[in-house]
There are 2 protein chains.
Amino acid sequence: MSLESHLKNLRSIIDKKLDEYLPRAMAYPEVIHRAMRYSVFSGGKRLRPILAIESCRACGGNIAKVVPAACAIELIHTYSLVHDDLPAMDDDDTRRGKPALHKKYNEAIAILAGDALLTLAFFAAAGSSSKILEELAGASGTKGMIAGQVVDLEFAGKKKDKKLIHYINTHKTARLFEASCRIGGLAAGARKDKVDALGRFGRALGVSFQIVDDILDGGDYPKTFGRQRAKADALDFARKAKNALQPIGKSSGALLGLVDYSLRRTK
Amino acid sequence: MSLESHLKNLRSIIDKKLDEYLPRAMAYPEVIHRAMRYSVFSGGKRLRPILAIESCRACGGNIAKVVPAACAIELIHTYSLVHDDLPAMDDDDTRRGKPALHKKYNEAIAILAGDALLTLAFFAAAGSSSKILEELAGASGTKGMIAGQVVDLEFAGKKKDKKLIHYINTHKTARLFEASCRIGGLAAGARKDKVDALGRFGRALGVSFQIVDDILDGGDYPKTFGRQRAKADALDFARKAKNALQPIGKSSGALLGLVDYSLRRTK
């Protein structure tokens, strides 16, 4: 099976489960459930939950054990995009070529839908181990994703130096990639050295992914370092990610494939 | 010991633990941690975590088992106030006589601090049972608190009928009271009939509490039904709450005291 059709299969497993967790669109009060569904089913690549599933599989785990937490990660990622787009934050009117949620509905609904997606994430993951829950909440709180967004906003429109851009990328993006991979290992019951290796893999892949993102949409990285240097750094972090997988051994093939997939993508 | 000094003791247990969960004010990025602390330590009554603790105790449980989830409930309550005050929502400039968080800082920080408090709630409760986590996320999601806020906003400035006001009160306020009490029972390992009784107690107390709130600050209830009827209904729901405690038996003294405390309060 090609990587593309393998990813398509995984996406359909995740989407089916997300559809189960999300309240029906016609459940009262309808507007909030329609808004949540609009955000979740808007063409996301599902890369974070796929990383969680493949990390679990690479450690010999049953993927059913990681699917709830994998969905939780995607719900957290989605909430963060909804809130980031708000006028008080990055003030983006569109997301993936469609109106941002606060444009499709209004600001209040966008704030509440983000809150609801974050809350639903922990409802979905409620049956996971406390280590998985701590990983999830730790990565998305003020030592992780939220810290990245706070600092990104603080320096919006100002010149950012290398250290600051690295801080923002590791916190805003790479920390949740790291958590996705660690959670896969934890769900498989893997030993600490394997979980840590998966974490280093996810972190390096996350930085590489963000640099590629910046190259594709004219973000901070190529603006600050130039396009050539950005490309070289994306490759360099991708190589770091691959090297981090050594403790996982032969079963890391699918994860290695995801690194190349992330480098190759055009959106 | 008087009820007042007993409550003061419980508040200091809760505040000490909240202080432990919250990142230091000087931890980078400082602004978000200062904002979270400003909201959490602004003179809240801590009624919801106190209900969780007393419900646990009424079922013979060790209160150490419920304190993390009790703090999570208070963090969720606090995040909901921060987001409710935002200009796109209820647009309140003050909260408990002090500037609302988006006035003290700005809208972006208020949105992110609310998100961070909600995330921290689940970090704090990560070691609790899956039933407790589901109760927590269920009560604060779109079948509970968020549903109440969505409907409240939808009808802002419009005439609300009796059924609608009851819907908003049970969802926006009473559902989290219900969860607080059920979580206390669950943490104590109480039987289902006791947990359900605590839930009915919390729900009725929550409705009574909200009516008293509305009487104290000129909210919907007395506006719609008149002050006399509002007072009678607050008493009626308080009586319902007390009656619901029958399956708990003799150990329900502290919970009964909290009903009278809620009726008597002046803010």
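This text leads you through a predicted model, from one chain to the place where two chains meet.

Residues are numbered from 1 along each chain as its sequence is written, while chains are lettered from A and ligands numbered from 1 in the order in which they are written. Because this is a predicted model, local features need pLDDT of at least 70 and side-chain atom pairs count only at pLDDT 80 or more, whereas totals for chains, interfaces and linings use all residues.

Let us begin with chain A. Along the principal axes, the C-alpha atoms of chain A fill a box of roughly 50 × 45 × 35 Å. The radius of gyration of chain A, taken over C-alpha atoms, is 18 Å, which agrees with the value near 18 Å for a compact globule of 267 residues (the rule is 2.2 Å times the number of residues to the power 0.38).

What share of the residues in chain A is buried? Buried residues make up 53% of the 267; a residue is buried if 20 or more other C-beta atoms, placed from the backbone, lie within 10 Å of its own. Two residues are in contact if their C-beta atoms, placed from the backbone, lie within 7 Å. Of the contacts in chain A with a separation of 6 or more, 69% join residues 24 or more positions apart.

Now bring in chain B.

How many residues of chain B are in contact with chain A? There are 37, and they touch 37 residues of chain A. On this side of chain B, α6(B) gives the most, with 11 residues. The copies meet through the same surface, because 100% of the interface residues of chain B are also interface residues in chain A.

Finally, look at one helix pair. The axes of α8(A), residues 145–154, and α6(B) come within 11 Å and cross at roughly 175° (axes are lines fitted to C-alpha atoms over the stretch in contact, and angles run from 0 to 180 degrees between N-to-C directions). The two helices are therefore roughly antiparallel, a term for angles over 145 degrees. Here A:Ile146, A:Gln149, A:Val150 and A:Leu153 meet B:Ala108, B:Leu112, B:Asp115 and B:Ala116.

Notes
Helix = DSSP H or I, 4+ residues; strand = E, 2+ residues; numbered from the N terminus. Buried ≥ 20, exposed ≤ 12 C-beta atoms within 10 Å, placed from the backbone. Parallel < 35°, antiparallel > 145°, perpendicular 65-115°, else oblique.
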